[in-house]
Amino acid sequence: MDTKTKIFQEVYEHESDAIFRFALIKVSSRDQALDITQDTFMRLWKCMLEEKNISNYKSFLFTICRNLIIDWYRKKKSVSLNTMSEDYDNFDVIDNSSINNLEINFEAKNILEKIGELNETYQTPLYLKFVEGLSPKEIGEIIGISENAVSVRINRGIEALRDKMKYK
Amino acid sequence: MEQFDEQLNTGIKEIQNIKMTSQDKENILYNILNSPIQKTEIPKPIKSPWANLSFLSNRLSYMAIAICLVLIVGLGTFHNVTINREYTQSITKINSQNLLNVPSTPSIANTPPDKIMIENDNSKNQNLAILNKTDEINKDKEDLTYPAPTSMGSPISLTGTMTSSSPSVNPDKSLTIIYPNGGEILKKSEKVTVRLQTTQSVNIEFNLLTTNGMKLENQYINDNWKNISNTNEIILTIPNDIPPGQYKLSATINQGIIDISDNYFIIE
């Protein structure tokens, strides 16, 4: 086994569940989430074979996964492009109707539903921060905004989430 | 607040428990590692011939070129100023001695050689004599305007004794005054045997130079001093009415070959 394969397997072992989880709550389809996860790691593997420089595997994987989800939304949903913002924030909307289809526990479902009710600009930063434990810098790289903007969105998002859960 | 945090943490932990099955993991990993993805060879870009000039895209290179141009232009200007200054100094020095050293510019070369300045050789202590063919010293002041040797500044206006020189003087001097050559004491009306060393002995003219380098006025010199055709020993009579003082003897052959006594002799 060469070095690249070994590194890839380690990254896959460590990050595959997070990518699958991220895709699952977005597309609400287990099979589709598995496909997106496979495509995401396939692209990583291709980049590694082409010896491209990847500084942060986690950010790289989440960025690819998010783009694939956007592509999937474009193909699947008959959403007019006019209703989408140009920065694709609308693709980060968690579909509450599909969350009910997921076989997850009550608290998890409740949190995801409350996050899904928030402004779409808060959803992904909150999810990546509290569920996946990414830093504001990594989140900024994934969704294409600055580190400070991510911090602001997280703070406002957590306040909004607390308000939604009647804990204010 | 604590209840919110507790509920949030519980929900997050439950979300984090969402995982793929180990069978799904293995299948995906197997599919990826056994996929027909091959390392695509990225062709190397063909180097443009203009790539050799890519350093010009750097702003520093333009600054370096500009600095070089400034240095070149600056040094050229300094060189011109230096030449002009030396030219002005030499003119000023000569003018102060009532001698005008005319540069050999074309306009000067065309000046009629009626007034000639001849620079003696080094063995003669670089004495300068001003002779003209009419054997007159023009004391009138005249203004001369010579063009400056360079394009800098306006032409230089010179005021001084109108004595111009011709660079066409034959430098091959074959005339040497042996006696009197300086230090002698002569008396008025005395007959002096002038000894010359020359290859030519026709049309010799003699004159006396005062301490300021000027020729003696014509009234003191009679025709016996002119157009002499003789051998190396010539007898001249010191004018009777000549003012006492220090003099040098000048000898001219055909207005081209000149010699002057090395030092002053005294006429009492």
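**Confidence and labels**

Analyst: This is a predicted model. Over residues 99–171 of chain B, pLDDT stays under 50. The model has 138 contacts beyond four places in sequence for that stretch. Where pLDDT is low, the predicted coordinates should not be read in detail.

User: Where in chain B is confidence lowest, and where highest?

Analyst: Strand S1 (residues 115–119) of chain B is lowest, at a mean of 43. Strand S12 (residues 265–267) of chain B is highest, at 89. Chain B averages a pLDDT of 71, and 65% of the residues score at least 70. The model scores ipTM 0.79 and pTM 0.45.

User: What makes up chain B?

Analyst: Chain B has four helices and 12 strands. Of its 268 residues, 36% are buried. Among contacts in chain B with a separation of 6 or more, 62% join residues 24 or more positions apart.

User: What makes helix H7 of chain A mostly covered?

Analyst: H7(A) spans residues 136–143, and six of its eight residues are buried. To count as buried, a residue must have under 20% relative accessible area. Those that pass are Pro136(A), Glu138(A), Ile139(A), Gly140(A), Ile142(A) and Ile143(A).

User: Which helices do the buried residues of H7(A) pack against?

Analyst: They pack against helix H3 (57–76), helix H6 (120–130) and helix H8 (147–164) of chain A.

User: Which residues of H6(A) and H7(A) meet?

Analyst: Thr124(A), Pro125(A), Leu128(A) and Lys129(A) in H6(A) meet Ile139(A), Ile142(A) and Ile143(A) in H7(A). By class, this contact of H6(A) with H7(A) has five nonpolar, one polar and one charged residues.

User: How do H3(A) and H7(A) cross?

Analyst: Their axes come within 8 Å and cross at roughly 35°. The crossing of H3(A) and H7(A) is right-handed. H3(A) contributes Ser59(A), Phe62(A), Thr63(A) and Arg66(A). H7(A) contributes Glu138(A), Glu141(A), Ile142(A) and Ile143(A). The classes in the contact of H3(A) with H7(A) are three nonpolar, two polar and three charged.

User: Why is Glu51(A) called exposed?

Analyst: Its relative accessible area is 54%. The cut-off for exposed is over 50%. Glu51(A) clears that cut-off, so it is exposed. Glu51(A) lies in the loop between helix H2 (30–49) and H3 of chain A. Its phi is positive, about 55°, although Glu51(A) is not a glycine.

User: Why does Ser189(B) count as partly exposed?

Analyst: Ser189(B) has 37% relative accessibility. Buried needs under 20% and exposed needs over 50%. Ser189(B) falls in between, so it is partly exposed. Ser189(B) sits in the loop between S6 and strand S7 (191–198) of chain B. Its phi is near 65°, a positive value in a residue other than glycine.

User: Which peptide bond is cis, and what is its omega?

Analyst: The bond from Tyr179(B) to Pro180(B) is cis, with omega near -5°. Pro180(B) is in the loop between strand S5 (175–179) and strand S6 (185–186) of chain B.

Definitions and conventions
Residues numbered from 1 in each chain as written. Chains lettered and ligands numbered in written order. Predicted model: local features only at pLDDT ≥ 70, side-chain atom pairs only at ≥ 80, totals over all residues. Heavy atoms only, no water. Buried < 20%, exposed > 50% of the residue type's maximum accessible area, 1.4 Å probe, protein only. Helix = DSSP H or I, 4+ residues; strand = E, 2+ residues; numbered from the N terminus. Contact = heavy atoms within 4.5 Å. pLDDT = per-residue confidence, 0-100. Nonpolar A, V, L, I, M, F, W, Y, C, P; charged D, E, K, R; others polar. Axes fitted to C-alpha atoms, helices over the stretch in contact; angles between N-to-C directions. Left-handed = near helix turned anticlockwise from the far one by under 90°.
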